[in-house]
There are 2 protein chains.
Amino acid sequence: MELKKPYLLFLGDVQDQLAAKTAQGIVDWRPEWCIGQLRLEGCKADTGLEDIDIKTAVEHGVGTMVIGVANSGGMLPAHWISNIVEALDAGLDIATGLHKRLASIPAVAAAAERNGRQLFDARFNDIGFATGKGHKRTGLRLLTVGTDCSVGKKYTSLALEKAMISRGMNADFRATGQTGLFISGRGVAIDAVVADFISGAAEWISPDNDAGHWDVIEGQGSLFHPAFAGVTIGLLHGSQPDAFVVCHEPTRTRMRGVEHPIPSIQQVIDLTVDNGRLTNPDIRCIGIAVNTSNLEDAAANTYLAGLAKEYGLPAVDPIRGDVGPIVDELQRNFPA
Amino acid sequence: MELKKPYLLFLGDVQDQLAAKTAQGIVDWRPEWCIGQLRLEGCKADTGLEDIDIKTAVEHGVGTMVIGVANSGGMLPAHWISNIVEALDAGLDIATGLHKRLASIPAVAAAAERNGRQLFDARFNDIGFATGKGHKRTGLRLLTVGTDCSVGKKYTSLALEKAMISRGMNADFRATGQTGLFISGRGVAIDAVVADFISGAAEWISPDNDAGHWDVIEGQGSLFHPAFAGVTIGLLHGSQPDAFVVCHEPTRTRMRGVEHPIPSIQQVIDLTVDNGRLTNPDIRCIGIAVNTSNLEDAAANTYLAGLAKEYGLPAVDPIRGDVGPIVDELQRNFPA
């Protein structure tokens, strides 16, 4: 589950930019790993990377061709298979986040076999995880949690990692979802793990580390989401976070995909502490990250200032603003 | 995922009674579904059923041969395969709770194929579950929860179903683990479901039902177990219980398989309500079921009386005593 870098990003012939959002996420957060993009005729997405072919990619030392696109249903179009086989024959590994295993495509399986290449399916894993143990591990951990799914937990985690590293802190983003996997180069799509092993997989994602090292762990779901709280609590227990950040989208009125109302930030803090203290009695909230993209500038600023006052915690929009105040709070709570 | 009844229980040649505890559980709770047992030479387990062969089983209308034994590692001994093939050739389905799919054994897969028979692996399922929706369903639900794993949740659920039916109440035991599956004849081993679908599977297990009908749902794990709380919370949210019973073993000092201390019953009640109110705001505890097998009679009685007083709830040992007082409390809380 460790991807060979650098990457060639395969965009196929997808018809809009949104279909290439995984590829774009990799370029945004790991430009140093991205050698170029490979687009087929008619492709309407563009990550801004140079267009190169497989031969050029090999010359530049590319290790993996990442299928960084999602088409409807997560299926692989048949006319992409020849490109994948060509990449395998040229010595590249292949990585995807599709709903079907690459090895289930006979031509791809055969090409991987004859070239001794690795097929990396972000939605599947063959790791024999242990069940969670709940032992305290060395090093420090921060987890992003949310009032809902899709409220910016991955983005916030990556922004925190970047800000921490820029201050000279020792920090690693730890992926738990498929786009995050390509950005970290390692990890597990934790929602695809068998239920008995959720916290065990979270322990694997964030192993023992140096004192003072921070794992910044990408959260998933919400304790208040009636479909996904099992993933959330297993990730919480396995991550045993010292600190957490609550992510929120203030204009949403219903939990994603269900009829349930959005909880308050205070409810999320309380229930995260109530459940999280099982594996870390000192767990604490150190900030609030808000996606204010649906608010005007002035309204966003007023809203964030109000939250900061109400909770006595930094409240920022990690896209519009920056996460510096949350890192300040982290450093105040956990002096080096 | 619906087993054809009645059953022939296959015990193989296991070397002690404990190895046949699944078979024994079926005989204890569903004697009317059990036509006989099939033992090989040297078998040291005995469920008390008549020893019959496959031909006799077929004559008695048996639908499924249940491999009701676990040997170390959950593997199927090679010398049992011929018996399984013989049963398939005689027209029986096969059910197991082994760690490997029956269909992964070529001779078994071929025999099932040529006879059009069903292979039922309790640890696996091919149901395409939806994610949980959290909608209120019709009918009433009771869930057993625990201070730990293996504290009597299945036994308590079955005892409650039996007591409720004997009072003329409309109740069904709903299985969530492999032994429970054979006893209910339907269900899902919920710890084997992919993490994103835990609460969705729980919703499938306990669908809409008549007003006044009770689903008595077998609990799993514990909200306080660092390995399995994801399963527990998904089952809690998907079950949306109106009532729950806390199961407990008072002499245990550590959670099963980990170093964590056992929570108090009050902690379990509080955290179950805090999390469970997401899908049922009126969730309430209606009793305590204790496995007192490690206590002397007098100590057990004193202990149960103390709990009843402390919590203002019925506290019983469902094996030594009976669950009648919990059903009384249920009927007081939910008058017909």
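Modeller: Begin with α7(B), a helix that is mostly covered, as 8 of its 8 residues are buried. A residue is buried if 20 or more other C-beta atoms, placed from the backbone, lie within 10 Å of its own. Helices (H or I, at least four residues) and strands (E, at least two) are DSSP runs, numbered from the N terminus. The model is predicted: local features need pLDDT of at least 70, side-chain atom pairs count only at pLDDT 80 or more, and totals for chains, interfaces and linings use all residues. Residues are numbered from 1 along each chain as its sequence is written, while chains are lettered from A and ligands numbered from 1 in the order in which they are written.

Colleague: What covers the buried residues of α7(B)?

Modeller: The cover includes α8 (229–239) of chain A, together with β7 (171–174), β8 (214–217) and α8 of chain B. Among the buried residues are W204(B) and I205(B).

Colleague: How many residues of chain B are in contact with chain A?

Modeller: Contact requires C-beta atoms, placed from the backbone, within 7 Å. By that criterion, 32 residues of chain B touch 32 residues of chain A.

Colleague: Which element gives the most to the side of chain B that touches chain A?

Modeller: That element is α8(B), with 6 residues. The elements giving two or more residues are α7 (198–205), α8 (229–239) and α9 (265–276) of chain B.

Notes: Contact = placed C-beta atoms within 7 Å. Buried ≥ 20, exposed ≤ 12 C-beta atoms within 10 Å, placed from the backbone.
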